[in-house]
Amino acid sequence: MASITIKCFVGLHQSSPEKYHRHYSFTAPSKCVVRSQRHHRRLNVVQAAKSSPKITGRNLRVAVVGGGPAGGAAAETLAKGGIETFLIERKMDNAKPCGGAIPLCMVGEFDLPLDIIDRRVTKMKVISPSNVSVDIHKTLKPHEYVGMVRREVLDGYLRERAIASGATIINGLFTKMDIPQEKNAPYILHYNAFNGESVSAGEKMSIEVDAVIGADGVNSRVAKSIDAGDYEYLIAFQERIKLPEDKMKYYENLAEMYTGDDVSPDFYGWVFPKSDHVAVGTGTIGHKPDIKKFQDATRRRAHDKIVGGKIMRVEAHPIPQHPRPRRVLERVALVGDAAGYVTKGSGEGIYFAAKSGRMCAEAIVEGSEYGRRMVNEGDMRSYLKKWDKTYWPTFKVMDVLERLFYRSNPAREALVELFGNEYVQRMTFDSYMYKKVAPGNPLEDIKLAVNTIGSLVRANALSKKMAN
């Protein structure tokens, strides 16, 4: 019997780790799981799940690799749906570098308690390259806010729920997956198991399952196992800075976004409030060697508001910029960052990670008739079909906006100017808060098009004047 520790947080601030913590025990699978003698026929992708063979003597077995929002949401949904679920996570206290913003709809959809949300942001500023600041929260309704979370808290909470729903959690490093060569063979996942105390390489173990969900992030080994292909990525760099009390008061419910070639030639810089500190960061796609220079510029732009702060932690992590060429192969599916579900321009991925994990798990539960039948590629692809239909418009719009407004400082000046328009603010936040491309007013859309052109023209003229 092994034991893991998941930190618990109470209220809007971290409680003392010595006082508040829980121990979850789990029984790790045997060192070498005996290969099942049952044979399960792999059906053609076009065949319906109801024609899949029934499973006798046990339920469908699914492994979820990765314990972030995608993996936690997937494991919980699978376990609740009668699937024998194994969640493999390398580091239970992982603090992934992340801005940590979540939309309002996620709080409701995933029934998140308010005490894991550090801050409820109701004020937002976007700052242009020339330091013109625009408040972009004017159209928020009284109940609306952007939640700010720490990934170590959110991820731990979602894993905790998966455990409570019946998932078996494995504290281990996934190393490789053996793809079945025979139609009726299981997938064999190899991993190094940790006991929660040792810092060694871990004990080599393996487990056999009927299907696999890869939720193991941008460097996904599951993706490599199915030759899913690569994608362009952004490198994000972030510092957690503890501010004096008077400085922290300024950021109590305020988030800032800085634009300009100095902070990033193809992304933006940010200052996001957390429980007792702020996250200050930036990112870049095409200028990765200069990321520390961009971070220094972000700190300089926010200097007066963060002066006196002490750096608590320095973090960096890649962020995908588009979906992988392959996201499903036979009974293996990718979700979250492993699949490439992060919007361009904003870098938002937490909601899409959790949502894709849940949608994939729901497709498996439905296709297997709550764990009683074998699944096939058709079941896995039903998740892709639903995902693409629901979220392709959002990803496409963000792609277009990035190409239009992130290409130069004049374009960024135009973007900030447009954010001063309340119609733009309402459309932006309605789309962000509820994850649907908000329907526009035709007349207002025409005005917006004219204003966009005007803003771009004025910004370019200003740029030429300054150059002279």
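Contact here means heavy atoms within 4.5 Å. What follows is a quick tour of a predicted model, where local features need pLDDT of at least 70, side-chain atom pairs count only at pLDDT 80 or more, and totals for chains, interfaces and linings use all residues. Residues are numbered from 1 along each chain as its sequence is written, and side-chain values use heavy atoms, with hydrogens and water left out.

**Confidence**
- The average pLDDT (the predictor's confidence in each residue, from 0 to 100) is 85 for the protein, and 81% of the residues score at least 70.
- Residues 1–48 are the part to watch: pLDDT stays under 50 there, though the model has 108 contacts beyond four places in sequence for them.
- Where pLDDT is low, the predicted coordinates should not be read in detail.

**Overall build**
- You get 13 helices and 20 strands, taken as DSSP runs (helices H or I, at least four residues; strands E, at least two) and numbered from the N terminus.
- Of the 468 residues in the protein, 56% are buried, meaning under 20% relative accessible area with a 1.4 Å probe and protein chains only.
- Among contacts with a separation of 6 or more, 72% are between residues 24 or more positions apart.

**Nonpolar cores**
- A nonpolar core is a set of buried Ala, Val, Leu, Ile, Met, Phe, Trp, Tyr and Cys residues joined through side-chain atoms within 4.5 Å.
- The largest one holds 113 residues, with Leu112, Leu189 and Tyr383 touching the most other members.
- Helix H9 (residues 350–367) supplies the largest share of this core, 11 residues.
- Beyond its neighbours within four places in sequence, Leu112 touches Ile102, Met106, Val107, Leu154, Tyr157 and Leu158.
- There's also a second, separate core of 14 residues, including Leu243, Tyr251, Val263 and Ile306.

**Arg240**
- Arg240 sits in strand S14 (residues 233–242) and counts as buried because its relative accessibility is 7%.
- Its side chain makes a 3.0 Å polar contact with that of Glu315; the term covers N or O atoms within 3.5 Å, where within protein one must be able to donate a hydrogen and the other to accept it, and residues adjacent in sequence count only if both atoms are side-chain atoms.
- Leaving out neighbours within four places in sequence, the contacts of Arg240 include Arg150, Glu152, His277, Lys310 and Arg313.

**Cysteines**
- Cys360 counts as buried, so its 1% relative accessibility is under the cut-off.
- Cys105, at 12% relative accessibility, counts as buried too.
- Searching the whole structure turns up zero disulfides, that is, pairs of cysteine sulfur atoms within 2.5 Å.

Methods:
Buried < 20%, exposed > 50% of the residue type's maximum accessible area, 1.4 Å probe, protein only.
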